[in-house]
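Biologist: I have a chain open and want to learn how to read it. Where do we start?

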Amino acid sequence: MTKLKNFRNNFNTNTIIQMIKKYGTPIWIYNENIIQKKIFELKSFDKIRFAQKSCSNINILKIMKKAGIFIDAVSQGEIERALIAGFQPKEIIFTADIFDSNTLLRIIHLNITVNIGSIDMLEQLGSLSPNHSIWLRINPKFGDGHHNKTNTGGENSKHGIWNINQAIKTIKKYNFKIIGIHIHIGSGINGKNIKKTCQAMIDTIYNLPYDIKWISTGGGLPIPYKTEDKTIDIQNYFNLWDSTRKKIQKYLGHEVLIEHEPGRFLVAESGILISEVRAIKYMGLKHYTLINAGFNDLVRPTMYGSYHYISIIDKNTKKIKFSDPIETIIGGPLCESGDIFTQNNNIPITRLLPKPSVGDYLIFHDTGAYGASMSSNYNSRPLIPEILFKKNSIKLIRRKQTFKEMFQLELN
């Protein structure tokens, strides 16, 4: 049965009810204090670079900027967001496996360092901007992750450079300035493959004819979505990379710095999605709880079969429910059979929860990463509000999208 679990360190019910009264449902809420805490946990690394695709709200980026965090951008839109948030071009790295023409020209104009993921990128950048500063993203020929769709290494992944010797020829051709080597094998990595990744970094640099000053661990640190999940030992993770760094330093004969690229780790636990129960029904023997948030809001359960801890606030008492447990399937409002939040391998499954009633508030925890940033207008549903909570202050950081705004691009 679901337990309160300290509300996953997010909010008390009084705060949540206050936000519901002011902004309605569904809504996203982030706790800035949690973000700051997670940033502090990574203090041992020489540089932290936020993977903004995980949570790209400009106001969240401003928190990162104020904390001295750098930015990883994967599109021109993310570059522009970072600039609006106050980042300088030198604080941004563009990571990708391709360039579109407009993005390439923008990168050259701003002189943004590129984390190169393909030989064609080297050719396209070099032909217009020789001597450009780059990182090399290496595919170490293996990967890891909580789902095959989050695995970013090996031959089943499109990411990174496979043939390092071919890359070296192109680098020489255009006289690129190599800043560092980047290896990221996936999101939700385990300890065994961290060691393997460290060794891949060593092997790569030992076989490069270049003087490397930086190594990037990539990101992918897991967070405890389930009550039984263990929290990753950050100090042990850093120690593995620090040991790797020391071996590389000994080989190169000078100091080497470590960059870490977290996304989920910094923001996932800071966020919740609040929805309202709108219908309860049985389909044969199966109990369904239908809410007013859909996979257009939170797509992770549908796309990956991801688990999110769920709490229910009683509409009458305004307290967390704990009694009368029932096996129920949580579904959304979309005209889509896949609009189910409790599923495994694309099959709806039940979750043991305190018995919900129409009008109760259902809360998905740990949705600060890949929640709002992956939202869509599917079924012509407007994007929902995002709220930032810090100590006792509440700030609207994205208002609800209007129908007029949603339709505007289609009107002549």
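Modeller: We take confidence, then a threonine, then a surface patch.

Biologist: What does the protein chain average in pLDDT?

Modeller: This is a predicted model, so pLDDT comes before any contact: it is the predictor's confidence in each residue. The protein chain averages 91, and 92% of the residues score at least 70.

Biologist: Where does pLDDT stay under 50?

Modeller: Over residues 1-7. The model still has 28 contacts there beyond four places in sequence. Read that count alongside the pLDDT under 50.

Biologist: Now Thr95. Is it buried or exposed?

Modeller: Buried means under 20% relative accessible area. Thr95 has 6% relative accessibility, so Thr95 counts as buried. The residue sits in strand 4, which covers residues 92-96.

Biologist: Which side chains make polar contacts with the Thr95 side chain?

Modeller: Asp72 does, at 2.5 Å. Asn115 does too, at 3.3 Å.

Biologist: Which residues does Thr95 touch, not counting those up to four places away in sequence?

Modeller: Asp72, Ala73, Val74, Asn115 and Arg137. Two of these names have come up already: Asp72 in the 2.5 Å pair and Asn115 in the 3.3 Å pair.

Biologist: Next, the surface. Which residues make the nonpolar patch?

Modeller: Phe403, Phe407 and Leu411 make a patch of about 310 Å². Phe407 lies in helix 12, residues 403-407.

How values were computed: Residues are numbered from 1 along each chain as its sequence is written. This is a predicted model: local features need pLDDT of at least 70, side-chain atom pairs count only at pLDDT 80 or more; totals for chains, interfaces and linings use all residues. Side-chain values use heavy atoms; hydrogens and water are left out. Patches are made of residues with over 30% relative accessible area and no salt bridge: like charges are joined within 9 Å, nonpolar side chains (Val, Leu, Ile, Met, Phe, Trp, Tyr) within 5 Å. Accessible areas come from the Shrake-Rupley method with a 1.4 Å probe; for residues, only the protein chains shown count as cover. A salt bridge is a side-chain nitrogen of Lys or Arg within 4 Å of a carboxyl oxygen of Asp or Glu. Helices (H or I, at least four residues) and strands (E, at least two) are DSSP runs, numbered from the N terminus. pLDDT is the predictor's confidence in each residue, from 0 to 100. Contact means heavy atoms within 4.5 Å. Buried means under 20% relative accessible area, exposed over 50%, partly exposed in between (1.4 Å probe, protein chains only). A polar contact is a pair of N or O atoms within 3.5 Å; within protein, one must be able to donate a hydrogen and the other to accept it, and residues adjacent in sequence count only if both atoms are side-chain atoms.
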